[in-house]
Amino acid sequence: MKNTKVIACVLSAAMIAGVFSGCSGKKVTNITTEQFTKACDKTLKLDEVDIEDIYDLDEGDLEDGIYLSLEQEDIEDMGIGDYLDMYLKSFDLDDIFEAEDIESVAVAAKMTDPSDVEDIEDPEDLEDLELEGVYAIQLTLADDDLAADIMEFLADKLDEADLDVKKDLSKAEYYAGKKDGCLKLHVDVAKLVKTVLDNDDFQDALEDSDNEDDIVEALESLKGDAVVTIEVSGANILIMVGYGLNTEASMYKDFVKAFGASDATKLPHNEKVSEAAVDAMVDAVAMYIERAKSAAYSWDDDWDI
């Protein structure tokens with residue numbers, strides 16, 4: 001059980017290390033919902049799905065790749081505006097725009113079978129694990145003058161993670177203009193693992209493990225990339241998250257090419273981002289464990305065990 005928690009810790013970091021990401025030296029990508037869905041259909045050959053069927057999708061559908069799109073009238077007719085507003089509010093984005101300000105939105109995703117993670121029983125199983133995936137979101141807003149506000153919002157969120165966009169990020173990683181902007185962060189999984197192994201809290205958890213040496217050896221075998229990109233151009237916003245664990249992030253690269261975006265995996269690994277991601281991951285896992293313990297104690301009290 002302790003080994004499983006340690007492994008879950010690192011896998012979480014490897015796949016969600018990039019919280020926000022963006023631009024790499026070329027101009028900011030400007031893509032409309034129509035262009036996005038056309039690329040999904042004609043270039044990427046993804047399967048179009050209706051939002052009503054979203055809960056019926058399984059791993060096989062995601063392996064083939066899917067996409068969907070909605071217009072403002074669809075959002076209104078389906079009564080999902082309130083849910084979108086709740087989502088935006090949870091990220092404090094409601095001060096910038098709300099559901100009624102979205103003219104159209106599209107989502108696409110493709111990934112390898114995530115159930116392979118369930119087969120991990122021993123540390124050495126990590127060495128044979130290969131995972132990759134990508135998802136993308138495109139938004140077209142009614143207002144084409146929100147880029148500066150969105151980039152300021154991202155800078156504030158990164159500041160909360162002790163990342164200063166001026167000191168800790170290069171011009172290729174963060175750019176903010178009057179009408180456009182982008183944020184790109186790339187994490188090399190092998191270097192991320194080193195950051196994890198140097199983390200004091202992780203070391204404490206590792207010492208509680210039954211086979212510390214095997215876990216360290218398995219973790220040190222991991223490689224790959226994790227990126228997230230946000231690009232704002234006028235009224236259009238493109239967000240992409242991609243990862244490859246023990247394999248190339250080829251699905252992400254296919255999406256990049258199809259959308260005419262820039263490849264964030266070509267950016268250098270940012271150690272400051274890696275450290276912030278590991279700190280956030282360790283804090284999240286610690287909070288999860290504490291909540292699980294509290295729930296267990298509550299269960300015991302309720303059932304007088």
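**Exercise 1: a strand residue and its surroundings**

I237 lies in strand β8 (residues 236-245), where strands (E, at least two residues) and helices (H or I, at least four) are DSSP runs numbered from the N terminus. The model is a predicted one, in which local features need pLDDT of at least 70 and side-chain atom pairs count only at pLDDT 80 or more, while totals for chains, interfaces and linings use all residues. Residues are numbered from 1 along each chain as its sequence is written, and side-chain values use heavy atoms, with hydrogens and water left out.

Task: determine whether I237 is buried or exposed, and list which residues I237 touches, not counting those up to four places away in sequence.

Solution. Begin with accessibility: buried means under 20% relative accessible area, exposed over 50%, and partly exposed in between (1.4 Å probe, protein chains only). At 5% relative accessibility, I237 is therefore classed as buried. Next, take contact as heavy atoms within 4.5 Å; with residues up to four places away in sequence left aside, I237 touches I137, Q138, L139, L141, I150, E231 and V232. Finally, the C-alpha atoms of I237 and A147 are separated by 9.0 Å, although these residues are 90 apart along the chain.

**Exercise 2: aromatic rings**

Task: find how many aromatic pairs there are, and classify the pair formed by F255 and F259.

Solution. Rings of Phe, Tyr and Trp (its six-membered ring) pair if their centres lie within 6.5 Å, and planes under 30 degrees apart count as stacked, over 60 as edge-to-face and the rest as tilted. By this rule there are three aromatic pairs. The ring centres of F255 and F259 are 5.6 Å apart and their planes stand at 80°, so this pair is edge-to-face. Both residues lie in helix α10 (residues 250-259), four residues apart, which is about one turn of the helix. F255 is buried, with a relative accessible area of 1%, and F259 is buried as well, at 5%. Ring pairs also bring in F36, linking F36, F255 and F259 into a cluster.

**Exercise 3: two helices in contact**

Task: describe how helix α8 (residues 200-207) and helix α9 (residues 212-220) pack, giving the angle and the distance between their axes.

Solution. Axes are lines fitted to C-alpha atoms, for helices over the stretch in contact, and angles run from 0 to 180 degrees between N-to-C directions. Helices α8 and α9 pack at an angle of about 135°, with their axes 9 Å apart. Angles under 35 degrees count as roughly parallel, over 145 as roughly antiparallel, 65 to 115 as roughly perpendicular and the rest as oblique; α8 is therefore oblique to α9. On the α8 side the contact is made by F202, Q203, L206 and E207, and on the α9 side by E212, I215, V216 and L219.
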